[in-house]
Amino acid sequence: MLDNDILAAAVALASALQKQRLILATAESCTGGGIAQALTGLSGASTWFDRGFVTYSNEAKEEMLGVQASTLASVGAVSEETALEMARGAITHSRAHVSVAVTGIAGPDGGTPDKPVGTVWIAWGQKLGCAEARCFHFDGDRDAVRQQTILEAILGLNARLK
C-alpha cells in the first residue's frame, strides 16, 4: 500500500531534515498539496517544514514562484524547465534550504501524444541554487498517479539528503 510507503519515506525525511537542521518548502501542481499534507501530518513538522505552494494554474506558478511566462509559453507547465523554476522559486520565496516541486498530468484528461496522462516532472532544489529534475511516467488512475508522485518526490529528497 502506497500510504505506508509514503509515511515511511516522510518519517525518514523528517529525521534527515532535523539532523541536518534544514528547512523544506514544496511547490505542487498536480498533487494539489498532497506532499505538504503527507509531511505536515507528522508531529514536529513545524521545525523543518516552512511552507507549501499549491500552484495549479500557470498564473499561480508565475505569481507565487516566479516561473517565467516565456517558459510556460515555450515548453508548457509539464516540463523540466518549469519544474526547475518551481523548485528554485520555492526556495526564493521561503526560508527553506531545500525544496521539491512537481508538475504533471494526473488525468484522466489532459494528456497528449507527447505528454500522456501519468507524465510528471519532479524537481529538487537547494538554497545554493542547484536544482535537478527527472521525468516520471506513472500508471493508473488520477489518485494512483498523484500517490506515486508524492512518494517519488519524498524519496528523491531522502536520496539527496544522504
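A: A residue counts as buried when its relative accessible area is under 20%, as exposed over 50%, and as partly exposed in between (1.4 Å probe, protein chains only). Helices (H or I, at least four residues) and strands (E, at least two) are DSSP runs, numbered from the N terminus. This is a predicted model, with local features needing pLDDT of at least 70 and side-chain atom pairs counting only at pLDDT 80 or more, while totals for chains, interfaces and linings use all residues. Residues are numbered from 1 along each chain as its sequence is written, and side-chain values use heavy atoms, leaving out hydrogens and water.

Now the sheet. Five strands make an open, mixed sheet in the order β2-β1-β3-β4-β5, where two strands pair if DSSP finds at least two bridges between them. At the edges sit β2 (49-54) and β5 (131-137), each pairing on one side only. Neighbouring strands are turned by 15° against each other on average, direction ignored; axes are lines fitted to C-alpha atoms, for helices over the stretch in contact, and angles run from 0 to 180 degrees between N-to-C directions.

Strand β4 (residues 119-126) pairs with β5 in the antiparallel sense over seven bridges. Thr 119 has His 137 as its bridge partner, and Val 120 has Phe 136. The two strands form a hairpin with four residues between them, and Gly 129 in the turn has a positive phi of about 100°.

Phe 136 also turns up in an aromatic pair. Rings of Phe, Tyr and Trp (its six-membered ring) pair if their centres lie within 6.5 Å; planes under 30 degrees apart count as stacked, over 60 as edge-to-face and the rest as tilted. That rule gives one aromatic pair. The pair is stacked because the rings of Phe 136 and Phe 138 have centres 5.3 Å apart and planes at 10°. Both Phe 136 and Phe 138 are buried.

Next, the helices. Helix α5 (residues 80-92) lies across β1 (24-28), β2, β3 (98-104), β4 and β5, at about 145° to β3. Its buried residues include Leu 84, Met 86 and Ile 91, and also Glu 85. As for α6 (residues 142-160), its buried residues include Val 145, Ile 150 and Leu 157. Among the elements covering them are α1 (2-20), α2 (34-40), β1, β3 and β4, with contact meaning heavy atoms within 4.5 Å.

Note on methods
The expected span of a helix is 1.5 Å times one less than its number of residues.
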